[in-house]
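Please look over the structure below before reading the notes.

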Amino acid sequence: MKRLFRMNKLRFFGACESLYGQKVFAAFLRTLFREDWVVYAKQPFGGPEHVLHYLARYTHRVAISNHRLLDVADSHVTFRWKDYAHRNKLRAMTLTNEEFLRRFLLHVLPTEFPHIRYFGFLANRRGGLLLPLCRKLLPVALPPLFTASRPAGHACPRCQCPMRVMERLTAAQLLQQTSGPVATLDTS
């Protein structure tokens, strides 16, 4: 922050406008260093895999897509969101334009940050080698072979609960199953 301030790259608006002066900004930073900052971090509810899926929603696409916008007016924006706490129920939220933009910009990476999907263990070229290594280094038990994955957007049409993939079939397996004898049902 000090470097950005010296380079005149920090902007202050609203209640923070008074921080524009060099002495005031230095005094503000001194108050931050006097505090004992304690980060409270607890284990994620769904484990490391859940965290990875959660972060992937933000790192691999835009914060909000156009199809979720329901109404855009001069004073407000209404959009659809998924309430994960209540069985993925779709709800609508209306925010002022300022609040909507503030929340949207929280999801925009600074220019110095790379888009992570192309780097490290998430890169396509290295994923097959590094993902098993990450799993090995994480202090958690490996999931069973046939774990039920929960792809986003696949809900049961009847109860709206997430559907689970039990088995993935190749095209050859599907063709083999459909070309076999046809089962008949005698309803007499």
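1. The model is predicted. Please keep this in mind when reading the values that follow.

2. Start with asparagine 8, which sits in the loop between helix 1 (2-6) and helix 2 (22-34). Its phi is near 60 degrees, which is a positive value in a residue other than glycine. The relative accessible area of asparagine 8 is 41%. This residue counts as partly exposed because 41% falls between the cut-offs of 20% for buried and 50% for exposed.

3. Arginine 87 also has a positive phi, near 60 degrees, and is a residue other than glycine. It belongs to the loop between strand 2 (76-83) and strand 3 (89-96). Is arginine 87 buried or exposed? Its relative accessibility is 56%, and exposed means over 50%, so arginine 87 counts as exposed.

4. Tyrosine 54 has a relative accessible area of 38% and is partly exposed.

5. The second largest pocket holds about 370 Å³ of space. How many residues line the second largest pocket? There are ten, and those nearest its centre are Leu4, Lys9, Leu10, Arg11 and Pro110. Sorted by class, the lining has five nonpolar, four charged and one polar residue.

Note on methods. Residues numbered from 1 in each chain as written. Predicted model: local features only at pLDDT ≥ 70, side-chain atom pairs only at ≥ 80, totals over all residues. Heavy atoms only, no water. 1 Å grid on protein atoms, 1.4 Å probe; cavity = no way out; pocket = protein on both sides within 12 Å on 5 of 7 lines; lining within 4 Å. Points joined across faces, edges and corners; volume = space filled by probe spheres on them. Nonpolar A, V, L, I, M, F, W, Y, C, P; charged D, E, K, R; others polar. Helix = DSSP H or I, 4+ residues; strand = E, 2+ residues; numbered from the N terminus. Buried < 20%, exposed > 50% of the residue type's maximum accessible area, 1.4 Å probe, protein only.
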